[in-house]
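Look at the sequence and the model before reading on.

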Amino acid sequence: MLNNEAILNRINENYGSEVVSSEENFGILILEIKSEKIHEIISWLNRDEILACSFLTLLGGVHYPDDKGRELAVVYHLHSWTNNFRLRLKVFLHAENPSIRSIVDIYNGANWMERETYDFFGINFEGHPDLRRILNMDSMDYFPMRKEHVLEDATREDKDDRFFGR
Amino acid sequence: MGKIEDLEVINGEGYQLTTLDKAIGLARANSVWPLPFATSCCGIEFMATMGSAYDLSRFGMERLSFSPRQADLLIVAGTISKKLGPVLKQVYEQMSEPKWVLSVGACASSGGIFDTYSVLQGIDRIIPVDVYVPGCPPRPEQIIDGVMNIHKLVKHESSRRRYSEEYQHLLSNYGIETKETDDAK
């Protein structure tokens, strides 16, 4: 059974220079990775005989509008079924033309998750086989989970703000 | 001869007179085939309405039509997202005349609590609605009340209303094409 310290050591031995920072939260190791190296590291985590992160639990985006230069985050949750540990990887991107390499060639399950992240945050996954909207209407012309957009429907007519606490 | 509810009749020795419109309306109202378009909790309430406790079949509605082409009444129960909008409109267009629409619950009627970018703010934005049932979700009694109101419309509707200019105008407002049938000319 691997503990978080052993996992971190194993990663640092191989990719120490690509890890920007590390912390532990709720017993899960969280690493920030340089965006250009994320594909290489996830690929290695998947293949590595000791760590063997064979399963991608989740891939998603976060928008931090006040964090200049690193407004958009992509978060990967990996799970090692052999060793039963979880690992969270974060990558930060610039809001102008955010782009990152797709990991569909490593985990097939990333296909729809990357499409969803593109749909809501406008993050471009390079090398994705079919990067188009998945949940929202195809005709939507913005990325709704970016915080500069209001949550409310812009077309509403019958709802009076006074009765909705706004 | 028994009394026919809500119907103007002339009774005589061994005969009863009424207009054809009224007789057709009566027949239609007592054999409405509903198409449930249920997407969320209002759909669960509608299932209770169909069940033995509330028993929709008392109103000649036990035969739910899951094909829009054979349905008379579209019952929209639940949140309709903008992405689902074109599907709902297509289902409505596939129904043959005469057809009625019952909007069940706050979401179908106005978007409800989902005042958000992805939810249609009321189905009357894409298809015409005859009766709205408020509630979140409405109780089966309320849904039955809505159905009774639909029945009133069905009973008293002129059989030529669907060819009227007003009706054609209403549908063209929604961008729905109406085909002129032979007997309309």
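Two strands count as paired if DSSP finds at least two bridges between them. The model discussed here is predicted.

**The sheet in chain A**

With that definition, chain A has an open sheet of five strands in the order 1-2-5-4-3, and the pairing is mixed. Strand 1 (19–25) and strand 3 (55–63) of chain A each have a single partner strand and stand at the edges, so one side of each has no neighbour in the sheet. From one strand to the next, the twist averages 20 degrees.

In general, the strands of a sheet pair through backbone hydrogen bonds, and the pairing is either parallel or antiparallel. Which of the two applies to strand 1 and strand 2 of chain A? Strand 1 of chain A and strand 2 (residues 28–33) of chain A run antiparallel, and six bridges join them. Within this part of the sheet, Ser21(A) stands opposite Glu32(A), a residue of strand 2 of chain A.

A helix also lies across part of the sheet: helix 3 (residues 110–121) of chain A lies across strand 3 and strand 4 (72–80) of chain A. The angle between helix 3 of chain A and strand 3 of chain A is about 5 degrees.

| Residues joined | Omega |
|---|---|
| Glu97(B) and Pro98(B) | about -5 degrees |
| Cys136(B) and Pro137(B) | about -10 degrees |

Where do these prolines sit? Pro98(B) is in the loop between helix 3 (85–94) and strand 5 (100–104) of chain B. Pro137(B) is in the loop between strand 6 (131–133) and helix 5 (140–156) of chain B.

**Positive phi outside glycine**

Asn84(A) is not a glycine, yet its phi is positive, at about 50 degrees. This residue, Asn84(A), belongs to the loop between strand 4 and strand 5 (85–93) of chain A. Is Asn84(A) buried or exposed? Asn84(A) has 9 other C-beta atoms within 10 Å, so Asn84(A) is exposed.

Asp55(B) is not a glycine either, and its phi is positive, at about 55 degrees. The loop that holds Asp55(B) runs between helix 2 (41–50) and strand 4 (73–77) of chain B. Because Asp55(B) has 14 other C-beta atoms within 10 Å, Asp55(B) is partly exposed.

Note on methods. Residues are numbered from 1 along each chain as its sequence is written. Chains are lettered from A and ligands numbered from 1 in the order in which they are written. This is a predicted model: local features need pLDDT of at least 70, side-chain atom pairs count only at pLDDT 80 or more; totals for chains, interfaces and linings use all residues. Helices (H or I, at least four residues) and strands (E, at least two) are DSSP runs, numbered from the N terminus. Axes are lines fitted to C-alpha atoms, for helices over the stretch in contact, and angles run from 0 to 180 degrees between N-to-C directions. Two residues are in contact if their C-beta atoms, placed from the backbone, lie within 7 Å. A residue is buried if 20 or more other C-beta atoms lie within 10 Å of its own, exposed if 12 or fewer, and partly exposed in between; C-beta atoms are placed from the backbone.
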